[in-house]
Amino acid sequence: MLKVVLLMMIMMLASQSEAQLNRDFYKESCPSLFLVVRRVVKRAVAREPRMGASLLRLFFHDCFVNGCDGSLLLDDTPSFLGEKTSGPSNNSVRGFEVIDKIKFKVEKMCPGIVSCADILAITARDSVLLLGGPGWSVKLGRRDSTTANFAAANSGVIPPPITTLSNLINRFKAQGLSTRDMVALSGAHTIGRAQCVTFRNRIYNASNIDTSFAISKRRNCPATSGSGDNKKANLDVRSPDRFDHGFYKQLLSKKGLLTSDQVLFNNGPTDSLVIAYSHNLNAFYRDFARAMIKMGDISPLTGSNGQIRQNCRRPN
């Protein structure tokens, strides 16, 4: 009986936490929020389309480390190491200046109201939309963490680009995301670029790769480690700045740039999903939008937890 009561209490607390996130959270307190965010993101993406992928990635890296709490945005302090310099994010995640610009404008309009965590959620949605992808209703009401977790960011919760399919499935499952969610969210690699250091081993040593594709990538990514590590290649060869389903079509031809991409289509349990998304753009859009909403529900700080940071780079 005690176990039943405890289980019911846990379920009630979880439902209360999720219920506090809602689409109209700032309807009265900051009605022009979406318009302000969209303008800044639109300008940034027009200037550099790759920024759309970077802003989307910020949200992913934030949510997978202790939940969607804006902790990724914090700079180092004397009391803690931030997540920006962790293995998965160091010299990799970018777009912080765009978030700063949005926060500055929002604070002038609605001081002390909108969290940095919520700004990340909105910019991710707008980035996808501006690059031709699907839209969704963003649930809001998150508050900001007052600290970051360097150790957690380095613990493997963010799957590396050389990961296995089973690790991808397990890491997403640990966040409450299904295998379908994982494959759909991986479709974010239909935009953006990757550094040579992340795909060098694949283009020189993998067997499940199209030969001509590998040779073409070797021209800009030397085999020697430390040489040209930061040189970049498009994740989606045909339409790197458009949010479509080209990523999945590429996998069917063994032209996934990252090992963690190609494992999605490698005679395994996710092959059928890759085939389905490669043939049906609307199915991909539908599942991607649903998965983004689910990812945004990962362990948010709500109610009296956390704070509304005035500057996204430091606690108040």
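Predicted model: local features only at pLDDT ≥ 70, side-chain atom pairs only at ≥ 80, totals over all residues.
How much space lies in the largest cavity? About 60 Å³. If you set the cut-off at 30 Å³ or more, the structure holds 1 cavity.

## The open pocket

Now for the largest pocket, which holds about 1100 Å³ of space. Its lining takes in 40 residues, and the ones nearest the pocket centre are Arg57, His61, Ser92, His189 and Leu258. Sorted by class, the pocket lining comes to 21 nonpolar, 13 polar and 6 charged residues.

Which element gives the most to this lining? That's α3, with 7 residues. Elements that each supply at least two lining residues are α3 (50-63), α7 (165-173), α8 (179-186), β1 (193-195), α9 (196-205), α12 (259-262) and α14 (281-295).

## Gln20, the annotated residue

UniProt lists Gln20 under "modified residue: Pyrrolidone carboxylic acid". In the model, you'll find Gln20 in the loop that runs between α1 (2-19) and α2 (33-47).

Is Gln20 buried, partly exposed or exposed? Gln20 counts as partly exposed because its relative accessible area is 33%, and the partly exposed class sits between under 20% for buried and over 50% for exposed.

Leaving aside residues up to four places away in sequence, Gln20 touches Phe25, Leu140, Gly141, Thr302 and Gly303. With Thr302 there's also a side-chain link: a polar contact of 3.2 Å joins the side chains of Gln20 and Thr302.

Conventions: Residues numbered from 1 in each chain as written. Heavy atoms only, no water. 1 Å grid on protein atoms, 1.4 Å probe; cavity = no way out; pocket = protein on both sides within 12 Å on 5 of 7 lines; lining within 4 Å. Points joined across faces, edges and corners; volume = space filled by probe spheres on them. UniProt positions renumbered as here; feature names shortened; annotations may be inferred. Helix = DSSP H or I, 4+ residues; strand = E, 2+ residues; numbered from the N terminus. Buried < 20%, exposed > 50% of the residue type's maximum accessible area, 1.4 Å probe, protein only. Contact = heavy atoms within 4.5 Å. Polar contact = N/O pair within 3.5 Å; in protein donor to acceptor, adjacent residues only side chain to side chain. Nonpolar A, V, L, I, M, F, W, Y, C, P; charged D, E, K, R; others polar.
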